[in-house]
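Subject: Structure handover

Hello,

Here is the structure I said I would pass on. Please open it alongside this email and check the points below as you read.

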Amino acid sequence: MSVTTKTGDQGRTVDFRGRRVSKADINIELSGAFDAVQSALGFAIVEARAATDGADNNATNLRGCSVTHIAGVLVEQQRTLFACAGELAGCAGFDPDGRRMAALEDCTAKLDERVAPAGFVLPGGSELAARIDLARVAARACERTVAAARDDGLPVSPELLAWLNRLSDFLFLAARLANASLGVEETAV
């Protein structure tokens, strides 16, 4: 199978429902937004795995919350993003039993107890935190694109929008965990 089809050369493509549309269509923007989050998470996962491999076990554990678990949690969020995109394409709901939302909220609550900053901090610090912060920005953009698609008539479950919002909260705190676990001081605003 060839990746190059030449069918998109005139600015049209097939959306996730199989319709031929302009590449400027909101559904194509939506696909791109999910792709951006997936890619940003992938970029963060590479560094999370490297940080885990090279980490001193005493330095990675911060009051019961460990940087060594970040890569696995990020991979699970990638899987959930695929399920979200599938729901928007008309497949089954991404979280029919609420387990994905509950797991994300639980993880976020644990991080909030341990690493929430007292005020605003600048993104970055360690390489891992910077990459997770980029994923957070992509998740926020994806959330806005999903809301725009909903406003344009795409059926979007409230749970999907809520999950995207929680994802960015989790990513913010995961970046803080990365810095704290790696001993990198954050810059307050």
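This is a predicted model: local features need pLDDT of at least 70, side-chain atom pairs count only at pLDDT 80 or more; totals for chains, interfaces and linings use all residues.

**Helix 5 and helix 6**

Start with this pair. Helix 5 covers residues 127-151, and helix 6 covers residues 158-181. Their axes come within 8 Å of each other. The crossing angle is roughly 170°. Angles over 145 degrees count as roughly antiparallel, so helix 5 and helix 6 are roughly antiparallel to each other. What classes of residue make up the contact of helix 5 with helix 6? There are 17 nonpolar residues, 3 polar and 7 charged.

**Helix 6 in detail**

Helix 6 has 24 residues. At 1.5 Å a residue, these should span 34 Å. The end C-alpha atoms of helix 6 are 34 Å apart, so the model agrees with that expectation. Just after helix 6 comes Gly183, with a positive phi of about 75°.

Ala180 belongs to helix 6. Is Ala180 buried, exposed or partly exposed? Its relative accessible area is 34%, so Ala180 is partly exposed; that class lies between the 20% and 50% limits. Ala180 and Ser2 are 178 residues apart in sequence. In space, their C-alpha atoms are 45 Å apart.

**Helix 3**

Helix 3 runs over residues 70-88, which is 19 residues. The same check applies here: at 1.5 Å a residue, helix 3 should span 27 Å. Its end C-alpha atoms are 27 Å apart, which agrees. Gly90 follows helix 3, and its phi is positive, near 105°.

Glu76 sits in helix 3. With 34% relative accessibility, Glu76 counts as partly exposed. How far apart are Glu76 and Leu104 in sequence and in space? They are separated by 28 residues in sequence and by 9.7 Å from C-alpha to C-alpha.

**Rings and charges**

The structure holds 1 aromatic pair. Two arginines also deserve a look. Arg131 lies over the face of Phe43, at 3.8 Å from the ring centre. Arg176 lies over the face of Phe172, and here the distance to the ring centre is 4.8 Å.

**To recap**

Helix 5 and helix 6 are roughly antiparallel. The end-to-end spans of helix 3 and helix 6 agree with expectation. A glycine with positive phi follows helix 3, and another comes just after helix 6.

Best wishes

Technical notes: Residues are numbered from 1 along each chain as its sequence is written. Side-chain values use heavy atoms; hydrogens and water are left out. Axes are lines fitted to C-alpha atoms, for helices over the stretch in contact, and angles run from 0 to 180 degrees between N-to-C directions. Helices (H or I, at least four residues) and strands (E, at least two) are DSSP runs, numbered from the N terminus. Angles under 35 degrees count as roughly parallel, over 145 as roughly antiparallel, 65 to 115 as roughly perpendicular and the rest as oblique. Ala, Val, Leu, Ile, Met, Phe, Trp, Tyr, Cys and Pro count as nonpolar, Asp, Glu, Lys and Arg as charged, and the others, Gly among them, as polar. The expected span of a helix is 1.5 Å times one less than its number of residues. Buried means under 20% relative accessible area, exposed over 50%, partly exposed in between (1.4 Å probe, protein chains only). Rings of Phe, Tyr and Trp (its six-membered ring) pair if their centres lie within 6.5 Å; planes under 30 degrees apart count as stacked, over 60 as edge-to-face and the rest as tilted. A charge sits over a ring if NZ of Lys or CZ of Arg is within 6 Å of the ring centre and within 35 degrees of the ring normal.
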